[in-house]
Amino acid sequence: MPLTLFMNAVLAAAAGTASMALPAGQMAAPELTAASTAAEIVSGEEDRYQRMTVPVTIGGQGPFRFMIDTGSQATVVTRGLSDKLQLQPVGVATVVGMASRVPVQLVALDGLEFAERVFDNISAPLLEARHVGADGILGLDSLQDMRVLIDFRQDTIAVDQASEASGDRGYEIVVRARRKLGRLIITDAVIDGVRAAVIIDTGAQNSVGNMALSRKLRASTSDLTSATDVNGAIMTGSQDIARVLRIDGMQLNNVPITFTDSPAFDVLELTRKPALILGMGNLRMFDRVAIDFASRKVLFDLPREAGFQNGLSRNYRTGRLRTGKM
């Protein structure tokens with residue numbers, strides 16, 4: 001029976017922008033540092049789906065553009081890149097996307113170098129470039145024991161060994177998460193009064209909710225939308241707007257969510273419990289997002305300027321947000 005690998009990235013999703021609400025009467029936040037001095041920092045590049053890609057080399061060849069995907073269990077190469085590098089087949093795996101389960105070929109990948117780190121003995125699924133949007137994907141098998149820092153202000157991605165990172169200092173929200181199949185799941189989020197699990201997914205453009213969440217929220221089913229997953233299958237769903245998403249002391253307003261019955265939630269055993277995959281479209285509301293796999297933490301920096309009323313009006317912060325359990 002082939003190995004099953006889970007990667008929940010989607011190439012396109014319904015348009016929409018969340019806004020962030022912040023308490024009034026705050027004081028100026030301290031100056032923030034991008035990462036520890038030991039961190040390897042590479043320039044980010046926004047692709048057409050608002051995701052970041054970074055340069056990697058393979059066996060000394062390249063650079064090639066790979067997307068960092070915290071929702072992908074495995075590192076992926078595209079068929080065209082595999083042909084170029086003459087990578088050898090090593091088996092078959094079933095790739096679970098947002099809309100499909102598809103058997104794909106695995107190839108042996110050695111000498112993958114990213115930010116001065118080299119990875120060998122990777123069995124990488126082959127996917128089509130038109131469904132990935134890059135030359136490949138850096139998945140969780142390449143990111144464990146590391147901290148991934150996405151700085152939306154500077155348009156950079158910093159990757160460091162988690163033990164060498166600068167700790168929690170400078171981050172306004174620090175959220176503990178549990179680990180499932182390599183990814184971190186925040187279990188105590190609240191969406192319009194409904195407690196839900198949230199998965200931070202840098203490979204998805206926008207946010208996707210399961211049907212359990214849709215039923216609890218009594219979401220509208222009239223506004224239909226579609227997207228393409230990493231296997232090229234079409235994901236269809238209904239879009240609605242959640243008024244408030246709360247995670248610890250932070251709050252996002254007017255969050256667009258596409259609801260669908262996806263096999264991705266089944267793999268994570270989240271079909272019965274309300275759950276949300278939080279994509280890049282909403283993560284961009286923050287200044288920085290750090291995902292620390294070693295300590296099972298997700299860290300957020302709130303922007304110096306936050307939007308209200310669908311992001312049309314802006315209020316400047318006057319202080320530091322105090323967080324607490326709800």
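The model is predicted: local features require pLDDT of at least 70 and side-chain atom pairs pLDDT 80 or more, whereas totals for chains, interfaces and linings use all residues. Residues are numbered from 1 along each chain as its sequence is written, and side-chain values use heavy atoms, leaving out hydrogens and water.

The protein chain contains five helices and 28 strands; these are DSSP runs numbered from the N terminus, helices being H or I of at least four residues and strands E of at least two. Chain totals are as follows.

| Property of the protein chain | Value |
|---|---|
| Buried residues | 59% of the 326 residues |
| Contacts with a separation of 6 or more that join residues 24 or more positions apart | 71% |
| Accessible surface | about 13700 Å², 47% of it from carbon and sulfur atoms |

Here buried means under 20% relative accessible area, exposed over 50% and partly exposed in between (1.4 Å probe, protein chains only). Contact means heavy atoms within 4.5 Å, and accessible areas come from the Shrake-Rupley method with a 1.4 Å probe, only the protein chains shown counting as cover for residues.

Strand β14 (residues 146-151) is largely enclosed by the rest of the structure, because six of its six residues are buried. M146, V148 and I150 cover one side, and R147, L149 and D151 the other. β14 runs antiparallel to strand β25 (residues 288-292), joined by five bridges; pairing requires at least two DSSP bridges. Within β25, A290 stands opposite L149.

P63, in strand β6 (residues 61-68), is exposed, with a relative accessible area of 58%. Leaving aside residues up to four places away in sequence, P63 touches P55, V56 and T57.
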